[in-house]
Amino acid sequence: MYKQYLRQAWQLMKQNRFFSAVYIIGTGLAISMVMVMAVVYHIRTANIAPEVNRDRMCYVTNVSFNMNDDKGHLNSCVGPRFAKEVMYNLKTPEAVAVATMTQMMPFTVGDVFMQAPGHDEAPKVSLMGCNDQFWRVYAFTFEEGKPFTEADFQSGLPRAVLTESLSRKLFRKTEVTGQTVLINDVKYIVSGVVADVSGVASDVCADVWIPYTSMAVIMNKMADEKEGSAHILVANILLRDADDIGLLKDELAQEVKRYNTTLTEGR
């Protein structure tokens, strides 16, 4: 009986080839779309190196600074003063990685070019400023050297971590720890070289990483209440346990309330 139904179906398909083709192609496209969506969802949410802790991550990407007497407000990312006085005071997280938001960099920093002294090539690169805890939160593969240290970050020393492909483009090799590079004509010392990072790791993807404390365009805003509170940084928070999100919200609210008491121009 089953074979008979198959033969009848085959005969109908042969008699109506156009509609049969539409049905088959439509079914195939529907299945393919579901598979693509499943793959994209997995890539964006699964623990994939170097973003190996996505299941324990929380993100602070927006800060709103409202000036006194309703004179205006600024909605932007995290500012350096807010990061220092609020995000770094949190006790609930295991670590807090603070870095520049990729989408904001072209508007604030502009184009970034790198060059090795004595070499003619000066490629345009993707630059990310970050703190020392960034290297604890994300699992990079170091081919050479090591990340810059907490002391480097606190002092704002010009240190840089390069990708393997950028190192080869600049020096034709990856053994470049201690070498000098020019980032928009500012001298930096290479502290390490990491394996290239895929663009799907959007929170960390760059060609070179430096301490954001070495970037004048950020640190010059530290004393400004408005732009010190809301600027171009994002805080990527690694929880000790995914269930700690409630504790984090409560502690963050308390820290923001305390921070507001230190401000005179707004909240």
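**Exercise 1.** Find which side chain E51 meets in a salt bridge, and decide whether the two partners are buried or exposed.

*Solution.* The side chains of E51 and R54 form a salt bridge with an N to O distance of 2.7 Å, the term requiring a side-chain nitrogen of Lys or Arg within 4 Å of a carboxyl oxygen of Asp or Glu. Next, both E51 and R54 are buried, where buried means under 20% relative accessible area, exposed over 50%, and partly exposed in between (1.4 Å probe, protein chains only). This is a predicted model, in which local features need pLDDT of at least 70 and side-chain atom pairs count only at pLDDT 80 or more, while totals for chains, interfaces and linings use all residues. Residues are numbered from 1 along each chain as its sequence is written, and side-chain values use heavy atoms, with hydrogens and water left out.

**Exercise 2.** Locate the salt-bridge partner of R56, and state which parts of the chain the pair links.

*Solution.* R56 pairs with E94, their closest N and O atoms lying 3.1 Å apart. R56 sits in the loop between helix 2 (17–45) and strand 1 (57–60), whereas E94 belongs to strand 4 (residues 93–100), so the pair links distant parts of the chain, 38 residues apart; helices (H or I, at least four residues) and strands (E, at least two) are DSSP runs, numbered from the N terminus. E94 itself is partly exposed, at a relative accessible area of 35%.

**Exercise 3.** Describe the placement of the salt bridge between E85 and R81.

*Solution.* Their side chains meet at 3.3 Å, N to O, and both residues lie in helix 3 (residues 80–85), four residues apart. E85 is partly exposed at 24% relative accessible area, whereas R81, at 12%, counts as buried.
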